[in-house]
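Take a moment with the sequence and the model shown here. Then read on for a short tour.

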Protein chains: 6
Amino acid sequence: MVAAANLTWQEFADRVERVVILPVGSFEQHGPHLPLGTDSVIATKLAERVGKELDALVLPTLAYGYRSAPYSGGGSTFPGTLDLRLNTLTVLIQDILTELVADGCTKVLILNAHYENTAAIMEAMYLVGERFPSQVSLVTTAWWDCVDAEVLSDVFDDGPFPGWELEHAALTETSLMMHLDPESVHEDALPGDEGFHAPNYIRIPLKPGDIPAHGGLASARGASAAKGQRIADAAVDGVAQLCRKEWGLDVGH
Amino acid sequence: MVAAANLTWQEFADRVERVVILPVGSFEQHGPHLPLGTDSVIATKLAERVGKELDALVLPTLAYGYRSAPYSGGGSTFPGTLDLRLNTLTVLIQDILTELVADGCTKVLILNAHYENTAAIMEAMYLVGERFPSQVSLVTTAWWDCVDAEVLSDVFDDGPFPGWELEHAALTETSLMMHLDPESVHEDALPGDEGFHAPNYIRIPLKPGDIPAHGGLASARGASAAKGQRIADAAVDGVAQLCRKEWGLDVGH
Amino acid sequence: MVAAANLTWQEFADRVERVVILPVGSFEQHGPHLPLGTDSVIATKLAERVGKELDALVLPTLAYGYRSAPYSGGGSTFPGTLDLRLNTLTVLIQDILTELVADGCTKVLILNAHYENTAAIMEAMYLVGERFPSQVSLVTTAWWDCVDAEVLSDVFDDGPFPGWELEHAALTETSLMMHLDPESVHEDALPGDEGFHAPNYIRIPLKPGDIPAHGGLASARGASAAKGQRIADAAVDGVAQLCRKEWGLDVGH
Amino acid sequence: MVAAANLTWQEFADRVERVVILPVGSFEQHGPHLPLGTDSVIATKLAERVGKELDALVLPTLAYGYRSAPYSGGGSTFPGTLDLRLNTLTVLIQDILTELVADGCTKVLILNAHYENTAAIMEAMYLVGERFPSQVSLVTTAWWDCVDAEVLSDVFDDGPFPGWELEHAALTETSLMMHLDPESVHEDALPGDEGFHAPNYIRIPLKPGDIPAHGGLASARGASAAKGQRIADAAVDGVAQLCRKEWGLDVGH
Amino acid sequence: MVAAANLTWQEFADRVERVVILPVGSFEQHGPHLPLGTDSVIATKLAERVGKELDALVLPTLAYGYRSAPYSGGGSTFPGTLDLRLNTLTVLIQDILTELVADGCTKVLILNAHYENTAAIMEAMYLVGERFPSQVSLVTTAWWDCVDAEVLSDVFDDGPFPGWELEHAALTETSLMMHLDPESVHEDALPGDEGFHAPNYIRIPLKPGDIPAHGGLASARGASAAKGQRIADAAVDGVAQLCRKEWGLDVGH
Amino acid sequence: MVAAANLTWQEFADRVERVVILPVGSFEQHGPHLPLGTDSVIATKLAERVGKELDALVLPTLAYGYRSAPYSGGGSTFPGTLDLRLNTLTVLIQDILTELVADGCTKVLILNAHYENTAAIMEAMYLVGERFPSQVSLVTTAWWDCVDAEVLSDVFDDGPFPGWELEHAALTETSLMMHLDPESVHEDALPGDEGFHAPNYIRIPLKPGDIPAHGGLASARGASAAKGQRIADAAVDGVAQLCRKEWGLDVGH
């Protein structure tokens, strides 16, 4: 793995045929026990591990993401959440992808760790793909899309998997943070199951009580560094695997 | 239910305290058996029925939606799919909501029938909600979010529910169209189960074979007008119910 | 005529060499006697008839148009008028045209029924024409531009033609609606001649009295379904004629 | 009349209660006999004369306008025409109006001399009027809207008035330039009547022969400085008159 | 020198191989002694002189510029300053450059006289250069970048040169205006040295006292028409020289 | 100093009255000896030290900046430089500032380490300041603006200071990196003085030889960690000092 920001331009120029990874996180409330930078930490650390597997270039993480949605992030009413507008994140990613194409990069992976970023990532990929239809191969995935059912079933050993949308500041993210950045986790503040069920609609403005007061959407109880490692390994392996398949890479086995 | 477009401006002015429904569809390939306007037909017809329940004003349907995504709509490579850019749909909805606020409307429901529209709808709601924080209550839902598990289990009587994303041009949409607009369905062309599984990533450009050649993502076999009616009834009831709850309405029981 | 929304994508793909018609209307006050959707009804119905003449594909009508101007639509102060910003309508049309080009369509007619839409339609055509200079032929006209002097003189048998700008919710539009959608016309509420003359300037903000209180700009008295049919026939014939000439079509004679 | 650009900021601050005039022109082909800056010259000179009548502040003329349209300006295929996009002119005017409001100006006249500018001027006025609903009175007119029928009939003493759209580089503009800026007129190159009739539709791309080769749309024969003076006097008087009426001014009689 | 606005389109078409100069000014407070149009006057007059040297086409000056910054123009708190937003000036210049390319012009000089315009000019040049990578040569400079140290040392014969940023409405601009447009200078109001030193940071909002009350940032004492001529000569010579070098011109020696 | 990303939302909410620092860097070629992330490293490390002085919250660094300019960064022709468009960086910063205001933060410092970012930072500050005129105090500076003449003269002990624009990848930045991130510096590749003098104009497209081939603009010879420490200390002290003055802080003395 190569931190692209640590290269000189000549070293970068010598490596443009490698996979380039753009991690995308957020600056968003993650309950009473996880830091605002949770998604960015996860995006960064997993990208670094995938990068190691693939000898890839890892770009600086986008540390601000698209607006937190009520039932996948708690919404924008929590202080500390610093949200971008949809078009802002779109043009930001569009510009970076455009510059990568101009520099001769041909294999770009956008690794997402914030659910709400998806639409902006897709739109940026479409816009760049339309402009350079045959010059670049763009791929996006999210770490949770690369964690298979077996792992999930092991991790949720004490209750059902609530679905990825509600897994905000909950068991999987908390475990990941215990593994990836343990000092940032307030283990004494892990929210339990409040039996929160997301309604089948979204309203603006939000009202008090729409979201559990602490900001978590599902239980984080039972989280552990070991589970975090299990998830991280699965995600890293899954992402690396799809890159190898997509680009016929012969590295890191 | 009142088709708002059929009112004179004075009749409209007399009804601004009612719920206003904006249906949002798409113009998108729906396999070999359903028309390009499928989502718009569903959005329109269900909105009309909800409107009837609630004595609501139903606005003209947005008949063009956000870009079709590969694994929830087949992507933009199929001729006939006419996609809007993300920001275009956002500002379109933003303008309509802004004008409704200016006209004195206070209860607006955006009823979505195209999966990919979600982000643009949310962004428009945020932008308008920020500008008029106390003048309007904005609500959005999708018909599938209002169909409960029991109905789903009845409808999928011959195989597992593949998840809403893959339910593109598949059992539920086909059944709905057989119920709502039977003449537009090519019953002899219903795609069966090709065992398509969406990969855990998206690539741009798409390549041949990424999507089943006919454009459907899951089986439509077993679709029927009766199932369509079941789904429509559940969706209409669910949407009407949430509006009654949200706005304390006392209509249509 | 083919309602494009009723086609499957394969049927659409088989017909891309045909003329494609995009009708553009508005959601705008039309006096005490005509519905808010008047322009969209007219755009839709005339497009369908032109489509029948030319075996053309007719797209879903754009049911929201550019801002109503004071002296051609009464302005935005009437409740019920739902106006788009200029750039919103521009990018909406631009996206649809761009997608038509991507799908292989080469002959596109934008049929306008709302005076104020003209600039946005033109700008969208320019933007798409610049991007695809040799791939598509784009044509726009409005129904009134295809009604000749003889018809006008017959229709205005009891007073002078006030000019197309003031013909908002007046004799021609009212007649057209009596012919095309008679149930939506409040015949007992037809405004007479208030002797309104548009001033030679426009002011923002508008003030009470700038526009006749009912929203019409000229007399609708004398309107009849027969006159509506005369106008519709002339417009349809005129539009079809120009398409035949422009694209060397050999259909519908 | 005060050329605002010649004032110091303190002198400007002392005069914010006066009418402020923003002339808007274009940089557009005007046939074989008139210069590219024709519209800007007319906008500037007439604004100066109106300014003199009203003791108004006259701002620097916007010398680049919205895209020339085929049948009111010849279109963008003539070298020398430097066109702005629709949104560019809109935001340019929007910014200037916003700044005038911020500076305390309350009476602003936008004097237009290029037909195609109308939509951008209106949109800018709407946007600023919505943001500052009670702080400023915005008015727009064009010189031709202030020339009455009697003047027209005198000026067109040798043939019918072809309508303002076709009066591009024709009798009225040529006469105005002979009066306002005689040295810039090539009197030996005045185009005669080619019997050009604008078709009832617009196509993109334009084709050879759509526009008379020299760029004029109607005859300029018979143009004279005397007629130009007649038109200029009428326009100036008309514009000044409407300002006096609009703002209750008691100046310049 | 040719004022491009005075040409017919055919004359323009015959001269597209010449250098085209776009002068960019501002409408900005310039202390108690200089007019709001100071930068535009300087841009225009110097461009005309450079144009004369090079037989170049001189376009109409952009008379409104990017926002005045506190420590190079006094900021936007002075009445009379009419500022454009950054993106507005960018797209305005982008459009003009794009049209010049479309017209076949290949050598374009953007001559800047307002410090804050730099970023918008550069961005516009980049955007146009990316779109037409081999069709046009774009050059920008500012008059002060072409005045060499020797001239500066002669001009500042009674005190040190305070740096170009602070030279707002100060010795050099005042001298230039005394030479170029003497009647617009209030010689009795020249601000002296208030010992103003720009802080090493900028704050928004500005507070009273951040800028000297009269709007000048450095002393204008000692300004003279003779010094203005010296500066103008140096600037014109410098600009003409770089154009000759850049484009291998063989004119005006 | 508090890394804001390490806080929970509640901890953030408890600290909104503190100074918030947004460091802004770039991803830009920095010669043969410094990494692409140089500006971001400097912005981050100095912000952390200022944050420590002031007990401030330090936000994640913006790691991508505005386009590299030829004579202050080498321009965009070097592989590895990943530039944002001007409006992209503007809206990115605008969104973050807007969210900070919404969260109740009142003292925001934008600390810049990439020369070309200045205009976008200013524009974002203006836009947010206009929207929230009395809710927030926004301040921006660059590290070099806080290094005084005495330090500069000590650091340039073997040759003249070439000016901040040319100090790209040169003596000061190299020294800073030797001090702040020594492992990333290729000390054997320090460029010497090529006698490069920036021309007095900028051309697009750039041509070979416009910039020294290695990407540095001035000599880095003589750089040392000790000088870097001197510069860092001065910058940190200067920035902290202006914050104390601006906001009347009583911390860190």
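This is a predicted model: local features need pLDDT of at least 70, side-chain atom pairs count only at pLDDT 80 or more; totals for chains, interfaces and linings use all residues.

Residues are numbered from 1 along each chain as its sequence is written, chains are lettered from A and ligands numbered from 1 in the order in which they are written, and side-chain values use heavy atoms, leaving out hydrogens and water.

**The sheet.** Helices (H or I, at least four residues) and strands (E, at least two) are DSSP runs, numbered from the N terminus. Two strands pair if DSSP finds at least two bridges between them. An open sheet of 6 strands runs in the order β1(A)-β3(A)-β2(A)-β4(A)-β5(A)-β6(B), and its pairing is mixed. At the edges stand β1 (2–3) of chain A and β6 (202–204) of chain B; each has a single partner strand, so one side of each lacks a neighbour in the sheet. Strands β2 (residues 19–24) and β4 (residues 107–112) of chain A pair in the parallel sense over 6 bridges. Here Ile21(A) stands opposite Leu109(A) in β4(A).

Contact means heavy atoms within 4.5 Å. Axes are lines fitted to C-alpha atoms, for helices over the stretch in contact, and angles run from 0 to 180 degrees between N-to-C directions.

| Helix | Strands touched | Angle |
|---|---|---|
| α4 (residues 86–102) of chain A | β2, β4 and β5 (137–142) of chain A | about 155° with β4(A) |
| α8 (residues 225–247) of chain A | β2, β4 and β5 of chain A, β6 of chain B | about 160° with β5(A) |

**Buried residues.** Buried means under 20% relative accessible area, exposed over 50%, partly exposed in between (1.4 Å probe, protein chains only). In helix α7 (residues 171–180) of chain E, 9 of the 10 residues are buried. Their cover includes α2 (38–54), α6 (149–155) and α8 (225–247) of chain E. Gln94(B) is also buried, with a relative accessible area of 16%.
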